[in-house]
Amino acid sequence: MGEVNSSTVPGRIPAGSLSPQLDGKEGYVLGWVHEVRDLGHLIFVVLRDGTGLCQVSIKVADTPEEVVRRVRGITNESVVKVWGRVTREPKARAGVEFKGREVEVISRTERTVPYDVTGKVDAKLDTRLDHRILDLRRPENRAIFLIGDTVLSACRSFLRERGFIEVRTPRIIATATEGGAALFEVNYFDRRAYLAQSPQLYKEELVTVFERVFEIGPFFRAEESNTTVHINEFTSIDIEAAFADYNEVMEVLEKLMVHVYQRVIDERGRELSLLNLNIRVPQLPFMRVTYDEALEYLREVGMEKRWGEDLSVRDMRALTSKYDGFYFITDFPTVTKPFYIKPRDGKPEVSESFDLVHGWLELASGGSRISERSLLERRIVDSGLNPASFQHHLDIYDYGMPPHAGWGLGYERLLMIITNRMNVREATLFPRDRTRLTP
RNA sequence: GCCUGGGUAGUAUAGCCAGGUCUAGUAUCGGCGGCUGUCGCCCGCCGGACCCGGGUUCAAAUCCCGGCCCAGGCGCCA
């Protein structure tokens with residue numbers, strides 16, 4: 001409380017809070033030295049903290065010699081505390097600045113900063129990732145992950161409101177969960193174990209307990225991919241719902257996208273404009289394109305495909321000339337999908353499956369699941385996997401398994417799309433890829 | 001894993017095709033000095049680099065071979 005007091009009692013003033021309305025407020029600012037402009041009798045220090053940037057000005061004539069010497073010795077990215085007063089100042093571009101009186105250097109940068117935080121000189125993504133913490137200090141890069149914070153928060157609140165329970169499943173597992181993607185091996189007390197590639201089987205089992213569950217967490221794929229959209233440790237937003245089919249969970253997903261965009265627009269206006277983004281809430285419902293329709297279009301543009309083949313990146317790029325923004329591709333051939341996806345009753349070569357696509361990029365994948373043990377066992381065998389290694393999972397199906405459906409959504413890819421980044425690594429704090437294991 | 005293009009100061013680039021004039025240019029950065037309103041401040045001086053290994057040649061940053069690494073595209077995959 002006490003708006004009156006806060007302007008008279010000295011205390012910390014967030015850099016991002018400076019405005020001409022705070023004219024005369026005494027206190028101190030704390031943060032990192034973004035840059036220094038020394039004009040001789042007047043020194044400007046641009047200071048950056050968790051809330052933004054502010055300009056500190058120091059008049060040499062009005063400042064003790066010792067303090068001036070300290071300011072002249074400041075290096076970029078040092079942490080400093082400056083006492084002074086917020087002052088309305090028409091000569092400052094922001095219309096306000098912080099007149100500094102006394103300066104304390106809390107932590108001095110002793111070496112040349114290996115990366116330009118102010119952005120005056122470009123750096124390659126690889127260099128930026130080598131110095132990721134410095135890179136993240138750039139306001140533009142911070143903004144990406146502030147938006148990411150809202151995305152995660154929006155997903156949690158949206159799903160919880162709809163009765164989904166947040167769960168955590170193991171990252172360390174004994175056997176391959178899905179086949180498909182390659183797994184990383186870990187040594188588990190002299191036994192062989194693996195890092196989970198998805199929560200798939202666990203979340204299916206958990207619908208027999210909670211009916212609706214979701215999980216947001218890291219998963220691992222040992223694929224030697226070398227693209228702008230694959231990383232080996234990624235964050236999956238997964239849901240699974242009992243007594244639902246793929247159409248119902250598709251609806252949850254598209255409504256979630258609308259909710260996420262709305263929350264980002266509502267809460268992150270500052271970050272969006274910093275990134276020059278003008279995003280709009282997507283229109284419902286998203287277009288549903290069946291696999292057969294996609295094939296038909298590809299045939300029209302001279303890219304004929306055999307039915308049963310998966311869609312390639314080239315195919316997906318071709319589809320962007322007809323389908324824009326978010327859309328679903330549905331009803332994939334059963335052979336292109338993992339064993340747990342449900343084949344259509346009466347037409348088992350087609351599966352009750354879908355991908356959520358934005359442009360040419362796959363963001364999410366889901367479907368109705370098999371809920372009958374004998375069929376699941378048969379599909380495991382058909383997929384070239386050994387049913388014996390799924391014994392625990394299969395046994396669950398003997399004790400009351402409802403029909404269910406779900407999906408998994410790639411968080412970094414979604415953030416990449418929202419923030420219009422060209423490389424998923426830019427939407428990952430510390431990306432892990434084929435060659436990068438540090439920092 | 002494949003194809004194409006790359007690797008020059010801390011960072012980003014010029015130079016390479018047409019080998020010598022490169023003691024390797026520029027910006028930023030760091031150091032020093034100057035400057036009263038900057039906001040990519042400005043001005044002067046100084047500092048700092050040819051990815052690694054082999055080869056061709058009188059001479060290699062420049063040409064050739066191998067390796068490592070990077071970007072984009074593709075594959076795998078989500």
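Select helix H5 (residues 139-161) and helix H13 (residues 411-418) in this predicted model; helices here are DSSP runs of H or I with at least four residues, strands are runs of E with at least two, and both are numbered from the N terminus. Their axes come within 10 Å and cross at roughly 120°, where an axis is a line fitted to C-alpha atoms, for helices over the stretch in contact, and angles run from 0 to 180 degrees between N-to-C directions. H5 and H13 are therefore oblique to each other, since angles under 35 degrees count as roughly parallel, over 145 as roughly antiparallel, 65 to 115 as roughly perpendicular and the rest as oblique.

From H5, Ile 144, Phe 145, Ile 147, Gly 148, Asp 149, Val 151 and Leu 152 meet Tyr 411, Leu 414, Leu 415 and Ile 418 of H13, contact meaning heavy atoms within 4.5 Å. By class, nine of the residues in the contact of H5 with H13 are nonpolar, one is polar and one is charged (Ala, Val, Leu, Ile, Met, Phe, Trp, Tyr, Cys and Pro count as nonpolar, Asp, Glu, Lys and Arg as charged, and the others, Gly among them, as polar).

The contact of H5 with H7 comprises 10 nonpolar, four polar and three charged residues.

The crossing of H7 and H13 is right-handed. Met 257, Val 260, Tyr 261 and Val 264 of H7 make the contact with Leu 414, Ile 417 and Ile 418 of H13. Seven nonpolar residues form the contact of H7 with H13, with no polar and no charged ones.

Zoom out to chain A, divided into domain 1 (3-107) and domain 2 (133-427) by an automatic or database domain assignment. The C-alpha centres of the two domains lie 47 Å apart, and the contact takes eight residues from domain 1 and four from domain 2. About 470 Å² is buried between them, 41% of it from carbon and sulfur atoms; buried area is the accessible area (1.4 Å probe) that two parts lose on being put together, summed over both. Select Arg 48, Gly 50 and Glu 77: in domain 1 these lose the most area to domain 2, together 52% of what that side buries.

Finish with the backbone. Most residues other than glycine have a negative phi, and most peptide bonds are trans. The bond from Leu 284 to Pro 285 is cis, with omega near -10°, and Pro 285 lies in the loop between helix H8 (269-274) and strand S12 (287-290). Another cis bond joins Thr 438 and Pro 439, with omega about 0°; Pro 439 lies in the segment after H13. Asp 190, in the loop between strand S8 (185-188) and strand S9 (191-195), has a positive phi near 70°.

Residues are numbered from 1 along each chain as its sequence is written, and chains are lettered from A and ligands numbered from 1 in the order in which they are written. Local features need pLDDT of at least 70 and side-chain atom pairs count only at pLDDT 80 or more, while totals for chains, interfaces and linings use all residues; side-chain values use heavy atoms, leaving out hydrogens and water.

Notes:
A crossing is left-handed if the near helix is turned anticlockwise from the far one by less than a right angle, and right-handed if clockwise.
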